[in-house]
Amino acid sequence: MQGPNFGALGATFTVVRAMQIVCLISIIGMTANFVSEMVAAEQKPPQVIIGTLSVTCIATLYIAITYILYFDNILPFLIATGMDSLLLIAVIVVAVVVGKPLSYLDCKTLDDTNGSTASFIASVGLNVKKVNYWVWAGASKTTCYEMKAIWGLSIALCVLFSFSAITSACLWKREKVANVSKDVDTESQNSG
């Protein structure tokens, strides 16, 4: 199976899409685990985690579809540029909302054994609006590092979606110039 031949831009698009899917699947796994543990503890998952899970699931579906269309050489690059830009905005919101309380939390100072994911996430929901962000009840190092990993991967997705939007725009421009050149060649052959 031979994919489209877009040179370095095409290779860049492929690599960025692969990196995006790795980040998204990692975030989906961690947030789904948090939701599962909270449901098992009969607690309501906070909107931050539900929103993160929703955005990443939609983005994963979008990336799978657009890469299939790209591989078949039928991806409308201008639409992909717009959608990548919209997803960039969504992951920026996720990174800011998840990261605001976590940026003040020092995971190294938390206990290794005490606490559960459910109590940590519940504490996130309760403390998001408080000024004193390091007053977290029942947190463990592992849960803290998992939440910080979600935050870090969200930041990485911001960079990757901006990069893929720029790459899609460049591919659209390249395709547009190639189509204009074909039209000029066809007109010159018909007139000659």
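## The salt bridge

A salt bridge is a side-chain nitrogen of Lys or Arg within 4 Å of a carboxyl oxygen of Asp or Glu. This is a predicted model, in which local features need pLDDT of at least 70 and side-chain atom pairs count only at pLDDT 80 or more, while totals for chains, interfaces and linings use all residues. Residues are numbered from 1 along each chain as its sequence is written, and side-chain values use heavy atoms, with hydrogens and water left out.

The structure holds one salt bridge. Asp84 pairs with Arg17, and the closest N and O atoms are 3.2 Å apart. The two residues belong to distant parts of the chain, 67 residues apart: Asp84 is in helix α3 and Arg17 in helix α1. Side chains of opposite charge can pair when their charged atoms come close.

Buried means under 20% relative accessible area, exposed means over 50%, and partly exposed lies in between (1.4 Å probe, protein chains only). Asp84 has 0% relative accessibility and therefore counts as buried. Arg17, at 3%, counts as buried too.

## Overall layout

The chain has five helices and zero strands. Its pattern along the sequence is α-α-α-α-α. Helices (H or I, at least four residues) and strands (E, at least two) are DSSP runs, numbered from the N terminus.

Of the 192 residues, 38% count as buried. The accessible surface of the chain comes to about 10500 Å², and 67% of that surface belongs to carbon and sulfur atoms. Accessible areas come from the Shrake-Rupley method with a 1.4 Å probe; for residues, only the protein chains shown count as cover. Contact means heavy atoms within 4.5 Å. Among contacts between residues at least 6 apart in sequence, 82% join residues at least 24 apart.

## The nonpolar core

A nonpolar core is a set of buried Ala, Val, Leu, Ile, Met, Phe, Trp, Tyr and Cys residues joined through side-chain atoms within 4.5 Å. The largest one here has 37 residues, of which Tyr70, Met147, Leu157 and Phe161 touch the most other members. At least two residues of this core come from each of α1 (7-40), α2 (47-71), α3 (77-102) and α5 (141-191).

What does Phe161 touch, leaving aside its neighbours within four places in sequence? Phe161 is in contact with Arg17, Gln20, Ala59, Ile63, Asp84, Leu87, Leu88 and Val91.

Ala59 lies in helix α2. It has a relative accessible area of 0%, so it is buried. Apart from neighbours within four places in sequence, Ala59 is in contact with Leu24, Leu87 and Phe161. The C-alpha atoms of Ala59 and Met83 are separated by 9.7 Å, and these residues are 24 places apart along the chain.

Leu9 lies in helix α1, and Thr167 is in helix α5. Is Thr167 buried or exposed? Thr167 counts as buried because its relative accessibility is 5%. Leu9, with a relative accessible area of 25%, is partly exposed.

Not counting residues up to four places away in sequence, Leu9 touches Thr167, Cys170, Leu171 and Arg174. Under a limit of four places, Thr167 is in contact with Leu9, Thr12 and Phe13. Leu9 and Arg174 are 165 residues apart in sequence, yet 9.5 Å apart in space, C-alpha to C-alpha.

## Surface patch and loop

Ile79, Met83, Leu86, Ile89, Val93 and Val97 form a nonpolar patch on the surface, with about 540 Å² of accessible area together. Patches are made of residues with over 30% relative accessible area and no salt bridge: like charges are joined within 9 Å, and nonpolar side chains (Val, Leu, Ile, Met, Phe, Trp, Tyr) within 5 Å.

Asn73 sits in the loop between α2 and α3. This residue has a positive phi of about 65° although it is not a glycine. Most residues other than glycine have a negative phi. Asn73 is partly exposed, with a relative accessible area of 44%.

## Annotated regions

An unreviewed UniProt entry lists residues 7-28, 48-70, 77-98 and 149-172 as "transmembrane region". UniProt positions are given in the numbering used here, feature names are shortened, and annotations may be inferred rather than shown by experiment.

In the model, residues 77-98 are 100% helix and 0% strand, and the end C-alpha atoms of this span lie 31 Å apart. Residues 149-172 are also 100% helix and 0% strand, with end C-alpha atoms 34 Å apart.
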